[in-house]
Amino acid sequence: MNIRKPNDLELKKIISLSPQAVFDGTLGEVRPTNQKIEQLIEQLLKKGNYYLIAIENDRLMGWILIGTSKDQFTDKINGFIYELFVLEEFRGKGISKMLMRTGIDYLKQDGYSEVRLSAFAGNQAIKLYEKLGFNIRTITMSLPI
């Protein structure tokens with residue numbers, strides 16, 4: 001398996017699969033349109049954020065979208081993991097962990113001293129994040145009314 005930045009064709013495939021990634025990552029709560037995903041991703045990529053992909057034998061296995069985020073209270077710039085996704089047929093093989101470690105290494109090389117991410121409560125990936133040393137920093141709560 002190789003982890004690297006995607007070419008244009010691979011990027012198009014990621015964007016086409018991203019609605020499913022968001023749906024899975026939000027535990028079925030959010031089902032974005034392809035148009036909405038394209039708008040969000042375009043904005044992130046224009047700001048210098050980028051994908052790393054896990055690929056083997058020309059088969060896309062998963063990806064991580066990493067880059068920059070600014071703390072809304074302190075204005076401190078941090079590394080940020082915007083998205084982590086492994087296609088269902090490749091899950092359970094440690095690919096998420098490899099993507100995370102590689103993404104963190106890239107962010108460290110990019111000069112960040114801290115990496116942050118957000119996850120929906122109940123997302124199975126939280127266990128991985130905790131194993132990698134992430135700690136809960138803030139909690140967002142909601143109340144249906």
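Colleague: Which residue takes a positive phi in the hairpin of strand 3 and strand 4?
Modeller: That's D75, with a phi near 65°, in a hairpin with six residues between the strands. Bear in mind that this is a predicted model, where local features need pLDDT of at least 70, side-chain atom pairs count only at pLDDT 80 or more, and totals for chains, interfaces and linings use all residues. Residues are numbered from 1 along each chain as its sequence is written, and side-chain values use heavy atoms, leaving out hydrogens and water.

Colleague: What makes strand 3 and strand 4 a pair?
Modeller: Strands (DSSP runs of E, at least two residues, numbered from the N terminus) pair if DSSP finds at least two bridges between them. Nine bridges join strand 3 to strand 4 (residues 77–86), so they pair. They run antiparallel, and G67 has F80 of strand 4 as its bridge partner.

Colleague: How do you know that strand 2 and strand 3 pair?
Modeller: There are seven bridges between strand 2 (residues 50–56) and strand 3 (residues 59–70), in the antiparallel sense. I53 sits opposite W63 there. In their hairpin, with two residues between the strands, N57 takes a positive phi near 50°.

Colleague: Why is the sheet's pairing called mixed?
Modeller: Strand 3 and strand 4 are antiparallel, but strand 4 and strand 5 pair in the parallel sense over three bridges. G79 stands opposite V115 in strand 5. The five strands form an open sheet in the order 1-2-3-4-5.

Colleague: Why is I136 called exposed?
Modeller: I136, in the segment after helix 4 (125–131), has a relative accessible area of 67%. Exposed means over 50% (1.4 Å probe, protein chains only), so I136 counts as exposed.

Conventions: Helices (H or I, at least four residues) and strands (E, at least two) are DSSP runs, numbered from the N terminus. Buried means under 20% relative accessible area, exposed over 50%, partly exposed in between (1.4 Å probe, protein chains only).
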